[in-house]
Amino acid sequence: MAVASEQDNPAGLTREEPRAHSALRRLSGRALSLIASVVLTVFGLLVVTFFIGRVMPVDPLLAVVGDRAPEHVRAQAATELGLDLPLWRQFLRYLGEILQGDFGNSVLSGQPVLTDIARFFPATLELATAATLIGVCLGVPLGVLAATRHGQWPDQVIRVVALAGYSVPVFWLGLVGLLVFYAELGWVAGPGRIDVVYEYTIEPVIGLMLVDTLLAGDGAAFLDAFWHLVLPASVLGYLSLAYITRMTRSLMLAELGQEYVIAARVKGLPERLVIWRHVLGNIMVPLITTIALSYAYLLEGAVLTETVFAWPGLGLYITQSLFSADLTAVLGATIVIGLVFIGLNLLSDLLYTLVDPRAR
Amino acid sequence: MQRRTMLTAMALSVGVPATLAAGLGPAGAATPPDTLVIAKNIDDMITLDPAECFEFSGGEIVAQMYTRLVMLDPKDFSQLIGGVAESWEVLDDGGRLAFKIRPDLKFHSGNPVTAEDVAWSLQRVVILDKTPAFILTQFGWTADNVKEHVKATAPDRVELTLVNRFAPTLVLNALSAGVGSIVDSKLVLEHEADGDLGYGWLKNQSAGSGAFRLLAWKAKDAVALEANPDFYLGAPAIKRVIVRHIGEPATQLLLVEKGDADIARNLSPDQIAKLTASPDFKLLAQPKQSILYIGLNQKNPLLANPKVREALRWAVDYEGLVTNLLKGQWQVHQSFLGDGMFGALNDSPYRLDIEKAKALLAESGAGPELKITFDVPNTSPYIDIAQAIQGSFGQAGVTVELIQSDQKQVLTKYRARNHDMVLMYWSPDYLDPHSTTDYFANNPDNSDEGTAKTIAWRNAWDIPELSERAGEAALEIDPEAREQAYLDIQKEVQASGAYILMFQQVENSVLRANVSGYVSGPTFDTVTYAGVTKS
C-alpha cells in the first residue's frame with residue numbers, strides 16, 4: 001500500500017496537501033466563474049439598455065439642448081455626445097469610457113452619473129432597508145401564524161391583510177397615508193427626507209440620512225429624518241410584508257404535511273420547537289430567496305412611492321432620465337441595479353450555506 | 001410560547017415606532033418665518049448658467065440671482081426699466097445702443113459691476129453659443145465679431161452695434177431675457193478651465209448681483225437661495241427661499257395645507273377650489289404668454305384644404321373646455337400673441353358651431369370619409385382636451401385617432417413633420433412679439449432640409465410672403481406701425497393658418513394667507529421672490 005501510494009504520489013505530497021490543493025482550485029474556479037458571470041451579466045444589461053435606449057422614438061438632443069436650439073447648436077451637441085456615429089461605434093465608445101471609470105455626465109443634472117447615483121442610491125437604500133425590515137419582522141411571524149392556524153380566523157384575517165397589500169395600489173396607499181397620518185393626525189412628518197430647516201445644515205457623509213444626522217451629532221435632525229422615513233417605509237413595508245407573508249404561509253403549509261413533522265410531534269417535541277426550529281429551519285432557503293427578491297425589488301427604486309413622498313431615490317432618477325432620453329444616466333443606474341441584484345444573489349448563497357448544511 | 005415569540009417580533013417592528021410616535025412625534029409644521037418654501041415641479045432644471053439656461057424652472061431661478069442689463073418693471077411688465085443699466089440711448093437710427101452702467105452696484109462676491117462685466121457677459125453668451133444664444137446672435141453677432149460690436153467704451157458705458165438691424169424696442173426686450181443677465185467676470189474667470197469661460201463651473205453656481213444668491217441646487221430635489229443684503233433695490237425681507245421639487249400635485253396640496261410649504265405651483269383646478277375655499281389660502285391667477293394650439297400638417301392633403309381647416313376651427317368647443325375642464329387654468333385666446341403682449345390680437349371669432357363646420361366640410365370637397373391622427377402628450381390636461389376635441393370633430397364628421405405619447409416623443413415626431421394634427425404648447429423666448437411671430441409666421445425654407453424649424457415649418461406651411469412681412473415688422477421703428485403689422489399678421493394666421501389657436505395659460509399659484517408680495521408675471525422668468533414678506 002505504501003509503495004502504491006508513493007507511486008501514485010510521486011511528488012511525495014501528503015494526503016492533506018492534494019485535498020487543500022483541490023479545494024483551492026475549486027475555490028479559484030468558483031471565483032473565476034463568479035467574475036465571468038458578473039461581467040457577462042453587466043455586459044448583457046448594458047447591451048440591452050443601450051440599444052433599447054437608442055431605438056426609442058425620442059430625439060436624445062431634446063434633453064440636451066431643448067426644442068428651440070438652432071441646427072448648428074444641435075449638431076455641435078450631437079458631435080460632443082457621439083450621436084453622429086453609427087450605433088455600434090457609439091456603444092464601443094461608451095464601453096471604452098466606462099472601462100476607464102467614466103460613466104459620463106447626466107444631461108438632466110449636469111453632474112457625473114456616479115455623483116448622481118451616490119446621491120440617489122442611498123435614499124433608496126435607506127427606504128428599502130427600512131421597508132424590508134418591517135416586511136420581514138412582521139411578514140414571517142404572520143405567515144407562520146397563518147399556516148399554523150390554517151383555515152381558522154387568524155389565517156383568514158392574515159390572508160385578507162396580505163391580499164390587500166398586493167392589490168391596493170401603492171401610490172394610492174401613500175397618498176392616503178399622507179392624508180391621514182401627516183395631514184390629519186400629524187403623527188409623522190411630511191414628504192421629503194428631512195425638514196427644510198435641516199436640509200442644508202446636515203453634511204452628507206454616506207448619504208443615509210439617519211446615519212448622517214447621527215454623525216453630525218444633531219439629535220433633533222435625526223428624529224426629524226426618522227419621522228420622515230416612517231410613513232414611506234411603512235407603505236413599502238406593507239407591500240413587502242404582503243409578499244413575505246404569503247410566501248412564508250405557503251412554504252410552511254407545504255412543509256407542515258411532511259412526515260418528519262408528524263414524527264417530531266409523535267415523539268412529543270414541544271410545538272414551538274417543531275415550528276420554529278424544524279419547519280422554519282427547513283423553509284429557510286426558499287424564504288431567504290423570497291426576502292432577497294423582495295429587497296432587490298425595492299432597491300430598484302419604488303418610483304410611485306418616491307414620487308408621492310418626494311423621495312429623491314433611484315427609481316425617480318431612472319424614470320425621469322428615461323423619459324428625457326438621458327441615456328447616460330439610465331445606463332449608469334442600470335449597472336448599479338444589476339450589481340445590486342448580483343450582490344444580493346451572492347449574499348443569499350452565503351446565507352444558504354449558513355442555514356443549510358447540505359449547501360456547504 | 002410560540003405565540004409569545006411572534007408577539008415579540010411584532011412588538012419590535014410595530015410597538016417601538018408606535019411608542020415613539022406617541023411620546024415624541026415629529027416637530028410641528030409651518031415653515032420658518034424668514035424662509036419661503038415653494039412646492040413645484042422642477043424636474044426640467046438642467047443648468048443655472050444664464051448663457052445656457054432655457055428651461056422654465058431654471059429660468060425662474062436665474063432671474064432671482066442675476067440683474068439683467070434692462071429689466072421688465074415688476075409693477076407693469078409692459079414697461080422696460082433699467083437693471084444694471086441706469087439709462088440708455090438709441091444712436092444712428094437704431095444702429096447703435098449705448099448703456100450707462102448703474103454706479104455702486106455690487107456682485108454677491110463684493111466685486112463691483114462694471115461696463116467690462118456687461119460687455120463680457122453678452123460676449124460670453126455669443127461665444128459659448130448655447131441654446132438661448134440665438135436671442136443675441138440674431139443681431140448679427142458671432143464669436144468672431146462680438147468683441148468688436150459689444151464693448152465697454154468707458155468704465156460706465158457699454159455700446160452695442162447691430163450688424164442686423166432690428167427695431168430698438170425689440171433689441172431692448174431681447175436684452176431683458178435671461179441672456180441679458182450680467183455675470184461677475186472676475187469670479188467666473190477664476191474658475192475657467194481650458195478656456196471654457198467658466199461654463200463647467202457656472203452650471204450650478206451663481207455669480208450675479210440679483211436679490212438672491214445660490215446656496216445649493218440638488219437636481220430633482222431642491223434649490224436653496226439666500227438673500228443678498230446688498231441688493232440695489234433693497235435687501236429682500238425673507239432671508240432664504242427653498243424651491244422643493246414636488247412632482248405630484250396631491251403632495252403639493254398636502255404640504256401647503258399643512259404649512260410645510262408657503263406656495264404650491266402645480267395644483268389641479270379641483271385642488272385649488274378646495275384650498276381657496278378656506279381663508280387660510282389665497283389664489284394668484286396670472287395670465288402667462290403661453291399658448292395652446294393644434295398644429296395642422298400641410299403635408300396631409302386633407303389639412304392643406306383651407307375649407308377643412310376653417311371647418312375644424314368651428315368644431316372646437318372653446319368655451320365648454322375652459323368652463324368644464326380647464327377651470328381657470330387656460331382662457332380662450334385665438335391668436336398667437338397672448339393678451340398683454342405688445343401688438344396682441346384679442347379677437348376670438350370662433351366658437352363651437354357643428355352645422356357650420358359640416359357645411360364647410362361639404363363645400364371643401366374633401367369627401368365623406370375624413371380620418372386624421374392626433375398626437376397628444378400623455379399628461380393631463382392635454383389628454384382630456386384631445387378627447388373632447390375628438391368628440392366634437394366626430395360630430396362634425398371627422399374621425400380622429402388619438403396617439404398619446406410622452407411629450408418628448410410627440411415633439412420628436414412633430415419636428416420630423418410626421419404628424420397629422422398635434423396638440424402643442426408655445427411660450428415666447430422674450431417679451432417681444434417678434435419672438436412668437438418668428439415661429440408662427442415665418443418659414444424661410446419649407447423643404448425637409450429647412451434649418452429654421454419654426455412652427456410654420458413643422459406644419460409645412462409654405463408662406464414666403466407672410467415670412468417677409470414678419471421680418472419687416474421686426475425692423476419697424478415706428479411703434480404704431482409695428483403694432484399694426486403684428487395685428488395684420490395675426491389676423492391672417494387666425495383665419496387661414498396651419499393652426500387652431502385655442503387657449504392662453506393662466507398660472508394659478510396658491511399662497512398661504514400670510515404670504516404677500518409674490519409676483520408671477522407674464523412669462524416663466526418674470527416670477528419675482530424679492531418682494532415676498534411673511535406675516
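Me: Leaving aside its neighbours within four places in sequence, what is L304(A) in contact with?
Reply: In this predicted model, and with those sequence neighbours set aside, L304(A) touches V170(A) and F171(A).

Me: Switching to domains, how is chain A divided?
Reply: Chain A has domain 1 at 1-55, domain 2 at 61-102 and domain 3 at 115-359, and the C-alpha centres of domain 2 and domain 3 of chain A lie 38 Å apart.

Me: Now the interface: how much do chain A and chain B bury between them?
Reply: The two chains bury about 5600 Å² between them, with 61% of it on carbon and sulfur atoms. R68(A), V196(A) and Y200(A) together supply 15% of the area that chain A buries against chain B, which is more than any other three residues.

Me: How many residues take part from each chain?
Reply: The contact takes 63 residues from chain A and 61 residues from chain B.

Me: What about salt bridges and polar contacts across it?
Reply: Four salt bridges are found across the interface of chain A and chain B, one of them between E71(A) and K453(B), whose closest N and O atoms are 3.6 Å apart. There are also 10 residue pairs in polar contact between the two chains, counting pairs with both residues at pLDDT 80 or more.

Me: Which element gives the largest share of the chain A side?
Reply: That is helix α6 of chain A, residues 113-148, which contributes eight residues to the side touching chain B. By class, that side of chain A has 40 nonpolar, 12 polar and 11 charged residues.

Me: Last topic, the backbone: which residues join at a cis peptide bond in chain B?
Reply: S380(B) and P381(B) are joined by one, with omega at about 5°, and P381(B) lies in the loop between β14 (370-377) and α15 (382-396) of chain B.

Me: What is the phi of D104(B), and of D194(B)?
Reply: Both are positive although neither residue is a glycine, at about 60° for D104(B) and about 50° for D194(B). Most residues other than glycine have a negative phi.

Me: Are those two buried or exposed?
Reply: D104(B) counts as exposed because its relative accessibility is 77%, and D194(B) is exposed at 82%. D104(B) is in the loop between β5 (96-101) and α3 (115-128), whereas D194(B) is in the loop between α7 (185-190) and α8 (199-202).

How values were computed:
Residues numbered from 1 in each chain as written. Chains lettered and ligands numbered in written order. Predicted model: local features only at pLDDT ≥ 70, side-chain atom pairs only at ≥ 80, totals over all residues. Heavy atoms only, no water. Contact = heavy atoms within 4.5 Å. Helix = DSSP H or I, 4+ residues; strand = E, 2+ residues; numbered from the N terminus. Buried < 20%, exposed > 50% of the residue type's maximum accessible area, 1.4 Å probe, protein only. Domains from an automatic or database assignment. Buried area = accessible area lost by both parts, 1.4 Å probe. Salt bridge = Lys/Arg side-chain N within 4 Å of Asp/Glu carboxyl O. Polar contact = N/O pair within 3.5 Å; in protein donor to acceptor, adjacent residues only side chain to side chain. Nonpolar A, V, L, I, M, F, W, Y, C, P; charged D, E, K, R; others polar.
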